[in-house]
Structures are given as structure tokens and as C-alpha cells.
Amino acid sequence: MRCIAEPAAAPTPAHLPTEPAPVTLRGFRTGDVPTISAIVAEALHEHYDPSLYASLGADWPAGFLVAADEHDRPVGFLLGVAQVAGESRVLMFAVDRSVRTQGVGTRLMDAFLERSRARGFHRATLEVRVSNVGAIRFYTRYRFSVIDLLRNYYSDGENGYHMAREL
Ligand SMILES: CC(C)(COP(=O)(O)OP(=O)(O)OC[C@H]1O[C@@H](n2cnc3c(N)ncnc32)[C@H](O)[C@@H]1OP(=O)(O)O)[C@@H](O)C(=O)NCCC(=O)NCCS
């Protein structure tokens, strides 16, 4: 399981302030799978078995965060896991294209880091394609830094960065 995505699109005037998207953060529900699968297909170009989401979230349900719109429909999610002692890891993280750069990813990451600290973890990690400059910028703003180059990490041969930050 790898946190992958296409390279970010060329920057739009995204840094002109826009209204934050009105979302509510909540836990994952099995009924979210079709919508989350669609976000994953578009943003991460992956197609997972529907049962995968619930099984990955089972060990640490608080690490699986969903941002829902006013109709309770997911518009973004962060699936974090706890596989290494003392560490949380971002396994999947994506926001629907229609609401990107409106603060949804920030809400998800803030909550994820807070829950990681609450769980007593001392470090958070993730992997990202070296070409995904938008996500790398986002993570750098969160004081994640590159700790390793993962050669041929992705199925198409692209290298990845292993990034981490103290909590
Ligand atoms: C990476 C990703 C999850 C970020 O989600 P997002 O909802 O766009 O994140 P935010 O809106 O909180 O932040 C994005 C940028 O918009 C800016 N922003 C946030 N709210 C804003 C607002 N109201 N007005 C203007 N800019 C704003 C942020 O400062 C941030 O800037 P930065 O990229 O320089 O750090 C999203 O781009 C995505 O789904 N990408 C495709 C999948 C992907 O690459 N996932 C990561 C795989 S490792």
C-alpha cells in the first residue's frame, strides 16, 4: 500500500484566499466506500477491493478520518495506520478535486497529527512520489522532511520519498 498520486497540476491562483470548504470531520463508515473509492481512483489512480478500507482501518479507527460535506458525503479522507511501534503512518490521503485548496487537507492533517499525539506516538511518516510537488510542498509546510529516497518504489518505477516528522 503506497501513498501515490499523479504529479500536482500546475498551480492555479490557489493562494488567493478562498472560503474554506464547509466540512465536518468524522470517522470512516462502511457506507463511505463507494465515494472514497471514487476519490482514490481519480486522485491516486488506484482501484482497491472495497473490503480493504475497513480492514486497514480496523486496528486504529481514530486514524481513519473522513471529511464530509453538508450531505454527509465524503469529500476527502486520510487513512492513517499504526504498524510500527511509536509511529503513525499516512497510508492514503486525498481530497476530491472539486474542493482542493480550500483547507480540507489541512483539517484532515491537523486532526491526524493530534490523534497521533493523543495515542502517544512520537513520529509520523509517509511516502510520496518524487514528482508530486504539490503534496511535497503541503507536507513540508507540516515540517515533514525527507529521510530516505525509495528507489523504484512505485509500480511504474518512479522513486518515492520517505518523509517523517516528530510529533
Ligand atoms: C495533497 C492534498 C490531499 C491536499 O488537500 P487540500 O484539501 O487541497 O489541502 P489544503 O487546501 O488544506 O491545502 C492545500 C494548499 O492550499 C492552501 N489553502 C488552504 N486553504 C486555503 C484557502 N482558503 N485559500 C487559499 N489557499 C488555501 C494551503 O495553504 C495549501 O498550500 P500548500 O500546498 O502550499 O501547503 C490534495 O491536493 C490531493 O488530494 N492531492 C491528490 C492526491 C495526493 O497527492 N495525495 C497525497 C499522496 S502522498
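User: Hi! Which residues in α4 are buried?
Analyst: In α4, the buried ones are Gly 134, Ala 135, Ile 136, Phe 138 and Tyr 139. Buried means under 20% relative accessible area, exposed over 50%, and partly exposed in between (1.4 Å probe, protein chains only). Helices (H or I, at least four residues) and strands (E, at least two) are DSSP runs, numbered from the N terminus.

User: And what kind of model is this?
Analyst: This is a predicted model, where local features need pLDDT of at least 70, side-chain atom pairs count only at pLDDT 80 or more, and totals for chains, interfaces and linings use all residues. Residues are numbered from 1 along each chain as its sequence is written, and side-chain values use heavy atoms, leaving out hydrogens and water.

User: What do the buried residues of α4 pack against?
Analyst: They pack against β4, α3, β5 and β7 (160–166).

User: How many residues are in the largest nonpolar core?
Analyst: That core has 28 residues. A nonpolar core is a set of buried Ala, Val, Leu, Ile, Met, Phe, Trp, Tyr and Cys residues joined through side-chain atoms within 4.5 Å. Those with the most contacts inside it include Phe 112, Tyr 139 and Phe 144.

User: Which element gives the largest share of this core?
Analyst: That is α3, with six residues.

User: New topic: what follows α4?
Analyst: Arg 143 does, with a positive phi near 65°. Arg 143 lies in the loop between α4 and β6 (145–150).

User: Is Arg 143 buried or exposed?
Analyst: Arg 143 is exposed, at 57% relative accessible area.

Methods:
Contact = heavy atoms within 4.5 Å.
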